[in-house]
Amino acid sequence: MLDYVIIGGGVVGTLIARELSKYEVSILLLEKENDIGNHATLANSAIIHSGHDPKPGSLKAQLCVRGNTMYETLAKELKIPLIFSGAFVVARDQEEVDTLDLLYQRALHNGVKEVALLDADEAQNREGNLADGVLKVLDLPTTKVTYPWEVAIAALENALLNGAQFKTNAKVTKISPVNDHFIVEINQQEEIEARYVINAAGVYADELASFVEDDLPYRITPRRGEYFVLDKKVKGFVERVLYPVPSDKGKGVLVVPQVHGNILLGPTSEFQDAKENRDNHSDHLNWIRRDSEKLAKNIPFDQIIRTFSGLRATSTYHDFYIQPAKKHPQFIHVAGIDSPGLTAAPAIAEYVVKTLLNRDQRLPKKTDFNPNRVKKKPFYESHFEEKLQLFKEDHRHGHIVCKCERVTEAEVVAAIHSPVASPTIKGIKKRVRAGSGLCQGGYCENTIVKIIARELNIPISEVDYYEKETPILWKETKVKR
Amino acid sequence: MERNEGETMNVDIVVIGGGASGLAAALSAKDETNSVIVLEREHVLGGILNQCIHNGFGLHVFREELTGPEYASRFIEKFHAENIDYKLDTTVLSINKPDDCFIVEAYNNEDGALTIHAKAVILSSGCYERTRGQIKLPGARVAGIMPAGSAQRYLNIDGYLAGKDVFILGSGDIGLIMARRMTLEGAKVHGVAELMPYSNGLTRNIVQCLHDFDIPLYLSHTVTDIKGTKRLEEITIQEVDENYQPIAGTEKKFSVDTLLLSVGLVPDTMVFESMDLTLSPITKGAIVDHTYQSNIPGIFACGNALHVHDLVDWVTIESEKAGASAKRYVAGEIKEERNNLTIEPREGIRYTVPQSIDMNNFKEPVTVMFRVTNKYDVGTFTVKQGDTIIQQKKARFIAPAEMESLMIKPEQLIDQTTPITIELEVK
């Protein structure tokens with residue numbers, strides 16, 4: 001019998017696994033996909049919000065502000081990229097200025113540090129490409145930007161180091177409460193027993209919860225957000241995250257500098273029923289263009305290298321729903337984690353473990369918990385001497401697989417055999433950035449397919465693009481059949 | 001511990017890329033007085049020609065119809081006969097010029113880091129394919145969508161077919177060639193859609209790759225939706241109006257598992273990220289004078305790394321000139337101080353290469369290559385300085401897909417300062 005089963009390998013589930021791994025308990029994380037961090041964690045704005053926006057008194061406000069303060073330590077321990085960008089909320093007319101003043105009060109009320117209101121000249125001085133016609137700006141210096149899926153990968157790697165276990169391609173098909181524990185059915189074949197079940201299943205949280213709760217206090221109503229990515233050549237176009245004044249549709253379309261120099265434009269906001277549909281729509285992309293120009297001028301739209309979209313797990317509860325189930329309190333809902341979910345994730349993990357699971361502090365602490373993830377400095381970040389050293393250790397560091405992002409064969413091989421691996425084109429891209437650049441894998445994909453095939457000893461026609469059964473190639477030609 | 005310094009070399013000219021362009025440039029740059037090295041990231045010389053197993057190469061240079069590998073091999077043989085230095089499997093990551101010479105940083109499996117000090121650099125690194133993101137293609141992000149050149153490489157080099165039911169977006173030459181190639185290999189190509197009202201490929205490719213195989217070409221059409229859960233299942237194409245906006249009610253759906261993109265090529269100038277190489281917003285390659293020298297003295301550019309060509313023959317001819325200029329530069333035969341007279345594209349002309357003539361080094365006639373903005377049956381190219389016509393040339397079957405050229409001679413110029421303009425007149 002396991003102590004804890006966590007369902008869902010996004011930032012929330014993986015950080016809960018890490019938080020629990022500080023104690024002498026058994027933990028299994030289940031992920032239905034062939035990789036962790038594949039949904040909301042993979043497609044979001046990457047912002048560590050200051051906490052100026054959530055309604056005062058809400059769990060969102062509390063955990064967002066707390067989460068923001070936790071990221072600096074988290075980044076050091078887990079070796080995840082983090083930039084201290086700061087942010088501006090931009091007001092363009094009198095009505096927006098009035099809202100901005102309220103937002104300032106709200107930020108103070110929520111406990112956000114260092115907030116200030118700036119006039120247009122001051123804002124323009126600090127952010128050269130700020131759009132013309134801005135009247136007033138809310139300055140949020142504590143806003144940061146991270147690399148979201150690496151947060152999940154790093155958190156799980158660290159949890160594994162501290163004794164947790166995980167399974168991918170493991171879809172939970174049934175949860176049956178029995179006496180003092182649960183039977184969790186995986187892929188309609190395997191059954192696992194666990195004393196506690198933590199539901200961090202993102203857009204599927206309501207479907208899973210309905211196995212144990214008849215009268216569910218929330219439904220998940222997925223809200224799609226679409227984005228543009230600009231090439232990292234535009235690095236420095238803006239220093240800060242630029243937000244419009246929020247509306248009833250959410251935070252609006254943003255301009256977001258990314259940790260590797262790219263700029264993100266988006267997201268849109270559109271409710272939908274489907275939990276998997278992550279299409280892009282031409283008219284929505286036009287909407288991003290139009291709205292982003294209200295925040296910044298001279299946006300280099302010709303540097304767009306990619307579009308993507310993701311689903312927010314917005315719930316009808318209008319706040320994070322983090323509570324034990326009413327009838328079966330050993331089932332913990334961690335649901336409705338839409339924005340600011342990435343920011344709040346470490347605080348959510350802390351809240352779940354310290355406030356809900358270990359309120360009486362009876363869980364035995366591990367004496368040898370190691371908070372640090374071992375991560376090799378990437379080739380692209382290394383100085384010349386360090387590159388020579390890398391080459392000495394493994395001559396495959398001399399083989400540049402991805403020229404755009406400067407990724408070596410040794411790094412691709414290491415990713416294929418890493419503890420939280422996913423040997424698909426996308427899985428490699430998530431881990432080493434090969435294919436994230438200007439040519440979008442046009443050159444390196446061919447090489448990476450062959451490296452994966454070689455390392456796994458499979459034909460290249462069996463190498464998947466992302467999910468299971470998504471091979472890039474149909475068949476080998478010129479072979480006898 | 002012994003500190004590995006990596007290998008350091010000194011050469012006169014570094015050529016980046018050993019494809020059609022780099023080979024021709026190196027061959028004309030090399031003489032008995034200088035040293036030249038070619039750096040090639042693949043494990044064979046020849047570049048993209050190796051995957052172009054169709055014929056049609058060399059009609060201008062050799063007056064013969066060769067396949068890509070045959071065309072490449074003619075240059076590779078000469079290259080080896082001349083004993084020019086080269087490194088395979090070697091990727092150049094950066095070029096800098098801290099003082100009087102260029103420092104080229106390259107990597108390979110054998111030497112690790114390779115630091116090359118050079119007097120001149122020839123950029124002949126080719127181009128890359130525009131991707132789904134760059135054209136903002138809407139719809140689901142599923143497996144089965146790839147650039148046509150990638151599919152060509154998988155098929156012709158690796159021996160793998162990308163899919164069995166194929167649609168092609170864009171009528172660039174690679175798309176047309178792949179329509180035929182995949183058909184021959186057993187796939188069903190359902191059609192080719194082209195946003196423009198005319199094809200972006202060579203006429204001979206439309207005839208030989210589409211008409212001969214009954215593959216429909218949908219002009220003024222684009223892909224407006226992509227459906228599928230894991231692999232591509234269905235695409236929708238729609239006719240577009242004169243502003244390239246989809247027209248409602250014109251939707252056609254195709255059940256396909258593969259969508260190849262032939263939507264343009266972009267010169268690869270990435271290695272110059274840390275230097276202030278001036279790029280043309282139109283060609284996306286370097287801006288060069290008639291010696292193919294960029295704004296940075298000692299850096300020459302040619303081939304598809306300079307601007308995208310439709311015929312390899314023009315790549316060869318252009319790269320030979322760039323190589324010869326680099327040789328003269330290293331020998332001190334090109335005056336350092338430049339006096340550039342610009343060549344400006346006017347009505348009907350999209351761009352020209354070169355973009356200027358360096359009057360301090362202008363002794364021989366200069367070939368100016370250019371592309372037009374639209375398709376016409378007949379027209380006249382007029383070269384002027386101010387209001388003075390210095391040359392006119394009649395042309396037939398003018399199209400953006402076919403590169404045009406004309407020659408400007410030193411004696412034709414009326415002065416050294418009035419910019420040269422080229423325009424297209426149509427009746």
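# Exercises on a predicted two-chain model

A:Ile322 is found in strand β19 (residues 321-324) of chain A; helices (H or I, at least four residues) and strands (E, at least two) are DSSP runs, numbered from the N terminus. The model is predicted: local features need pLDDT of at least 70, side-chain atom pairs count only at pLDDT 80 or more, and totals for chains, interfaces and linings use all residues. Residues are numbered from 1 along each chain as its sequence is written, while chains are lettered from A and ligands numbered from 1 in the order in which they are written.

## Exercise 1

Task: decide whether A:Ile322 counts as buried or exposed, and list what A:Ile322 touches.

Solution.
- Step 1. A residue is buried if 20 or more other C-beta atoms lie within 10 Å of its own, exposed if 12 or fewer, and partly exposed in between, with C-beta atoms placed from the backbone.
- Step 2. A:Ile322 has 22 C-beta neighbours inside 10 Å, so A:Ile322 counts as buried.
- Step 3. Two residues are in contact if their C-beta atoms, placed from the backbone, lie within 7 Å. Leaving out residues up to four places away in sequence, A:Ile322 touches A:Leu59, A:His333, A:Val334, A:Ile348, A:Tyr351 and A:Val352.
- Step 4. A:Asn199 is 123 residues apart from A:Ile322 along the chain, and 9.5 Å separate their C-alpha atoms.

## Exercise 2

Task: find which residues have the most contacts inside the largest nonpolar core.

Solution.
- Step 1. A nonpolar core is a set of buried Ala, Val, Leu, Ile, Met, Phe, Trp, Tyr and Cys residues joined through C-beta atoms within 7 Å.
- Step 2. The largest such core has 261 residues, and A:Ile348 and B:Ile122 are those with the most contacts inside it. Helix α8 (residues 341-357) of chain A gives the most to this core, namely 10 residues.
- Step 3. Not counting residues up to four places away in sequence, A:Ile348 touches A:Val12, A:Leu63, A:Ile322, A:Val334 and A:Ile337.
- Step 4. A second, separate core has 16 residues, among them B:Leu202, B:Ile343, B:Phe370 and B:Ile408.

## Exercise 3

Task: state how many residues of helix α11 of chain A are buried, and what covers them.

Solution.
- Step 1. Helix α11 (residues 425-432) of chain A is mostly covered, with eight of its eight residues buried.
- Step 2. The buried residues include the charged-group names A:Lys426, A:Lys429, A:Lys430 and A:Arg431, and also A:Ile425, A:Gly427, A:Ile428 and A:Val432. Here Ala, Val, Leu, Ile, Met, Phe, Trp, Tyr, Cys and Pro count as nonpolar, Asp, Glu, Lys and Arg as charged, and the others, Gly among them, as polar.
- Step 3. Their cover includes α5 (148-161), β22 (407-408), α10 (409-416) and α12 (444-456) of chain A.
- Step 4. After α11(A) comes A:Arg433, which has a positive phi, near 75 degrees.

## Exercise 4

Task: describe the pairing of β12 in chain B.

Solution.
- Step 1. Two strands pair if DSSP finds at least two bridges between them.
- Step 2. Strand β12 (residues 165-169) of chain B has four of its five residues buried.
- Step 3. β12(B) runs parallel to strand β13 (residues 188-194) of chain B, joined by five bridges; B:Phe167 has B:Gly191 as its bridge partner there.
- Step 4. Four bridges join β12(B) to strand β18 (residues 258-261) of chain B, again parallel, and B:Val166 is partnered with B:Thr258.
- Step 5. Together with helix α4 (residues 173-184) of chain B, β12(B) and β13(B) make a right-handed β-α-β unit. Right-handed applies if, with the strands pointing away from the viewer, the path from the first strand over the helix to the second runs clockwise.

## Exercise 5

Task: describe the side of chain B that touches chain A.

Solution.
- Step 1. In this interface, 36 residues of chain B are in contact with 47 residues of chain A.
- Step 2. The largest share of this side of chain B, three residues, comes from α3(B).
- Step 3. By class, the side has 13 nonpolar, 13 polar and 10 charged residues.
- Step 4. Strand β23 (residues 475-476) of chain A and β11(B) run antiparallel and are joined by two bridges. In this pairing A:Glu476 stands opposite B:Tyr160.
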